[in-house]
Amino acid sequence: ALVTGASRGIGRAIALKLAAEGAAVVINYHGSMEKAKEVKAEIESDGGIAEIMQCNVADYQATEAMIRKVTDDFGRLDILVNNAGIAWFGLLTDMTDEDWSSLLQTNLSSVFYCCRAAIPHMVSVKCGRIINISSMWGTAGASCEAAYSATKSGIHGLTKALAKELAPSNIQVNAIACGVIDTEMNARLNEEERAALAEEIPSGRFSSPEEVAELVLLLC
């Protein structure tokens, strides 16, 4: 299993869960090498198999090289979890071209790059699972997160179409549209903002990365 952005947050929880269930896990990270090493050490301390791979998944050449190394090292790639992503908060009119390009490449193009590189191997063995970690804002939209919402909506469209395209090859493609998850990405919220947001959630609380990981395991 390859999990992108697996050094912390949701990706970390997914890597730990899949490893606990017997998968050899490749922990992809971009800049957080020490955190990635910590995830690897935790998996190995429990008897699991893990490898870390540095790669900016917004770079298609680097991504293709990473997928090739995964299949070379392990001889297969059964599960791809596209989790890497960044947020951008603010008015659309305040967003620069560079901000837009970075958000689009990291959140949406990375999913395309990883899928394109992984699909040939999965098709050759007629088996595979691709899971894209998305957001409810891709469906509902969010004020001051218009561009972010657009990237997640793009993931939804790509997922639905790719699921149809790959179904004949016994490859399942799904997306998880997460609600508000208690991660570093939401650490910007103060207590008042957290309380106000929790009131809008039917369960009255934020979800945990571990709950997302459980759903990923179910889909696998």
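Contact means heavy atoms within 4.5 Å. The legends below describe close-up views of a predicted model.

**View 1. Helix α3 meets helix α4.** In α3, Tyr 60, Thr 63, Glu 64, Ile 67 and Thr 71 are in contact with Tyr 113, Cys 114, Arg 116, Ala 117, Ala 118 and His 121 in α4. Sorted by class, this contact of α3 with α4 has six nonpolar, three polar and two charged residues. Helix α3 spans residues 60-74, and its axis lies 9 Å from that of α4, at an angle of about 30°. Angles under 35 degrees count as roughly parallel, so α3 is described as roughly parallel to α4. The crossing of α3 and α4 is right-handed.

**View 2. Helix α4 packs with helix α6.** Residues 97-125 form α4 and residues 146-166 form α6; the two helices pack at an angle of about 15°, and their axes are 9 Å apart. That angle makes α4 roughly parallel to α6. The crossing of this pair, α4 and α6, is right-handed. On the α4 side, the contact is made by Trp 100, Leu 103, Leu 104, Asn 107, Leu 108, Val 111, Phe 112, Cys 115, Ile 119 and Val 123. On the α6 side, the residues are Ala 147, Tyr 148, Thr 151, Lys 152, Gly 154, Ile 155, Leu 158, Leu 162 and Leu 166. The contact of α4 with α6 has 15 nonpolar, three polar and one charged residues.

**View 3. Six strands form an open sheet.** The strand order is β3-β2-β1-β4-β5-β6, and the pairing is parallel. Strands β3 (50-54) and β6 (171-178) stand at the edges; each has a single partner strand, so one side of each lacks a neighbour in the sheet. Inside this order, β1 (residues 2-3) runs parallel to β4 (residues 79-82), and two bridges join them. Leu 2 stands opposite Leu 80 in β4. Helix α4 packs on the sheet, where α4 touches β4, β5 (128-135) and β6. The direction of α4 makes about 175° with that of β4.

**View 4. Gly 90 lies in the loop between β4 and α4.** Gly 90 has a relative accessible area of 22%, and is therefore partly exposed. Leaving aside residues up to four places away in sequence, Gly 90 touches Cys 144 and Glu 145. Gly 90 and Ser 143 are 53 residues apart in sequence, while their C-alpha atoms are 8.5 Å apart in space.

Terms used:
Residues are numbered from 1 along each chain as its sequence is written. This is a predicted model: local features need pLDDT of at least 70, side-chain atom pairs count only at pLDDT 80 or more; totals for chains, interfaces and linings use all residues. Side-chain values use heavy atoms; hydrogens and water are left out. Axes are lines fitted to C-alpha atoms, for helices over the stretch in contact, and angles run from 0 to 180 degrees between N-to-C directions. Helices (H or I, at least four residues) and strands (E, at least two) are DSSP runs, numbered from the N terminus. Angles under 35 degrees count as roughly parallel, over 145 as roughly antiparallel, 65 to 115 as roughly perpendicular and the rest as oblique. A crossing is left-handed if the near helix is turned anticlockwise from the far one by less than a right angle, and right-handed if clockwise. Ala, Val, Leu, Ile, Met, Phe, Trp, Tyr, Cys and Pro count as nonpolar, Asp, Glu, Lys and Arg as charged, and the others, Gly among them, as polar. Two strands pair if DSSP finds at least two bridges between them. Buried means under 20% relative accessible area, exposed over 50%, partly exposed in between (1.4 Å probe, protein chains only).
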